[in-house]
Amino acid sequence: MNIIDIIVKKRDGGKLSREEINYFIRGCVDGSIPDYQSAALLMAVFLRGMDEEETFFLTHAMAQSGDVLDLSNIPGIKIDKHSTGGVGDKTTPVVVSIAAAAGVPVAKMSGRGLGFTGGTVDKLQSIPGFQVVLDEDRFMDQVRTVGAAVIAQSGNLTPADKKLYALRDVTGTVENLSLISSSIMSKKLAAGSDGIVLDVKCGDGAFMKTPEDAVKLAETMISIGRSAGKKMSAVISDMDQPLGRAVGNSVEIREAIEVLQGAGPDDVRELCLELASEMIRLGEKAEDHQSAMAAAREMLDSGRALEKFGEMIRAQGGDPRVIRDVSLLRKGECRTEIRAGEKGFITAIRGQEIGEAARLAGAGRLRKEDDIDKTAGVILHAKVGDHVEKGQLLAEVFGSSVEKTELAAEKCRMAFVTGSRPPAGHPLIYRVLR
């Protein structure tokens, strides 16, 4: 085969075979195909698209490009959960704890934050002592004994995706349905679970801006998963404003624990119960959605999910006292307030602006090697639909630097939009695809 022929074929709208896609992925990983030719093929795919079969071939080749976990020695139906990313998305600790408490084994690999969206691994590392790097044997053993483990992605998991994503990021080829879905699903397939629940975000603080686009992405990923023999479902959820009130690392873990304690913001609780009930249903611990939701509520309201999170923290070297005392999760000592400039209704809170504010305060990174301040973040004191008076507290920014928190506060202030009339409401959960 010749990579030039493959590029020309796709440039002219042709359909690539499994063999051609496998050849491309092998060459991408071993370096025999240079970056400029990989970038040319990515642009051809971006402009010409891929059909369902090509997208599956690409995903499978990427999944097989490095390590593939074999979870067959862990009893039960293993269910994974993936979010397409958003602002204030702290669902993983809650959802994993509920599902594991209900008897669903969860072997989850999560990523670090980049740009304005946070990463689950960074958030968990704000728990004193919590280890996100475990060898495979310890990872498997923890899932067998505790029922859940959440760790950083393996260094050799889907190396093809790492290379292609880096190229897409600098060649204007990110926004393509086949390339997005193959990137996400290749990692999920390589992680070895029997089923996957997808939380596909839409809105200002998400990659997909409309529910319609989110549904298209979800349907593509569900099709890929089912073609690979996986149980699949997807929840289409709103990200027009941050989820909950906390955005950052330690502050989000605080909020997640508050939900596990039976308190916390209603929107976080609602979404977590929906996602966890889907995991329980796919894990065959309940016969239908109604009974799965009842089981999820029982795990949360009884405190069993909270105790399960404590078990997972202890197993991964963290301090389990945090589930009783969230003050062990430090907030930055420097604090800046954002107050309302006028009286009115909060008609919008731009999620991306809040995410950028948290990053400027130190909670995020621009490059994967950047250090972050786990004590930095934003706490919202008003949400969309609330009526506020002039001078009322809208948000607080925390961090370790006065300069950074003040800079972040300026960005945060831009996120709030006030009007004389209450905004039209829209649902937190648009649709569930089963």
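**Helices, charged pairs and cores in a predicted model**

Helix α12 gives way to E284, a residue with a positive phi near 60 degrees. Helices (H or I, at least four residues) and strands (E, at least two) are taken here as DSSP runs, numbered from the N terminus. The structure is a predicted model, in which local features need pLDDT of at least 70 and side-chain atom pairs count only at pLDDT 80 or more, while totals for chains, interfaces and linings use all residues. Residues are numbered from 1 along each chain as its sequence is written, and side-chain values use heavy atoms, with hydrogens and water left out.

E284 sits in the loop between α12 and α13 (289-301). With a relative accessibility of 52%, E284 counts as exposed. The scale behind this word runs from buried (under 20% relative accessible area) through partly exposed to exposed (over 50%), using a 1.4 Å probe and protein chains only. T158 is another non-glycine residue with a positive phi, near 45 degrees. This threonine belongs to the loop between β3 (148-152) and α8 (159-171), and its relative accessibility of 1% makes T158 buried.

The expected span of a helix is 1.5 Å times one less than its number of residues. For the 17 residues of α12 (residues 266-282) this comes to 24 Å, and the end C-alpha atoms are 24 Å apart, so the two values agree. The helix is mostly covered, with 14 of its 17 residues buried. Helix α11 (residues 250-260) is mostly covered too, with 10 of its 11 residues buried. After α11 comes G262, with a positive phi near 100 degrees.

Charged side chains form the next part of the picture. Side chains of opposite charge can pair when their charged atoms come close. A salt bridge is counted here when a side-chain nitrogen of Lys or Arg lies within 4 Å of a carboxyl oxygen of Asp or Glu. This rule gives 28 salt bridges. One of them joins D51 and K15, with the closest N and O atoms 3.1 Å apart. D51 lies in the loop between α3 (35-48) and α4 (52-63) and K15 in the loop between α1 (3-11) and α2 (18-30), so the pair ties together parts that are 36 residues apart in sequence. D51 is partly exposed at 31% relative accessibility, and K15 is partly exposed at 39%.

Distant parts of the chain are linked here, as K123 belongs to helix α6 (residues 120-124) and the partners are 129 residues apart. Both E252 and K123 are buried. A further salt bridge brings together E396 and R335, at 2.2 Å from N to O. E396 is in strand β11 (residues 393-399) and R335 in strand β7 (residues 334-339), 61 residues apart. E396 is buried at 10% relative accessible area, while R335 is partly exposed at 43%. Shared partners also join E274, E278, R281 and R434 into one salt-bridge network.

What about the nonpolar side chains? In soluble globular proteins, these tend to be buried together. A nonpolar core is defined as a set of buried Ala, Val, Leu, Ile, Met, Phe, Trp, Tyr and Cys residues joined through side-chain atoms within 4.5 Å. The largest such core has 81 residues, and I98, I354 and V378 touch the most other members. Helix α12 gives the most to this core, with 9 residues. Contact means heavy atoms within 4.5 Å, and the residues that V378 touches include R245, V247, I354, A395, E396 and C412, leaving aside residues up to four places away in sequence. A separate core of 43 residues has I6, F24, A61 and M232 among its members.

The cysteines complete the survey. A disulfide is a pair of cysteine sulfur atoms within 2.5 Å, and the search of the whole structure finds 0 of them. For C202, the closest cysteine sulfur is that of C272, 17 Å away and too far for a bond. C202 is buried, with a relative accessible area of 1%. C334 is likewise in no disulfide, the nearest cysteine sulfur being that of C412 at 16 Å. C334 is also buried, at 17%.
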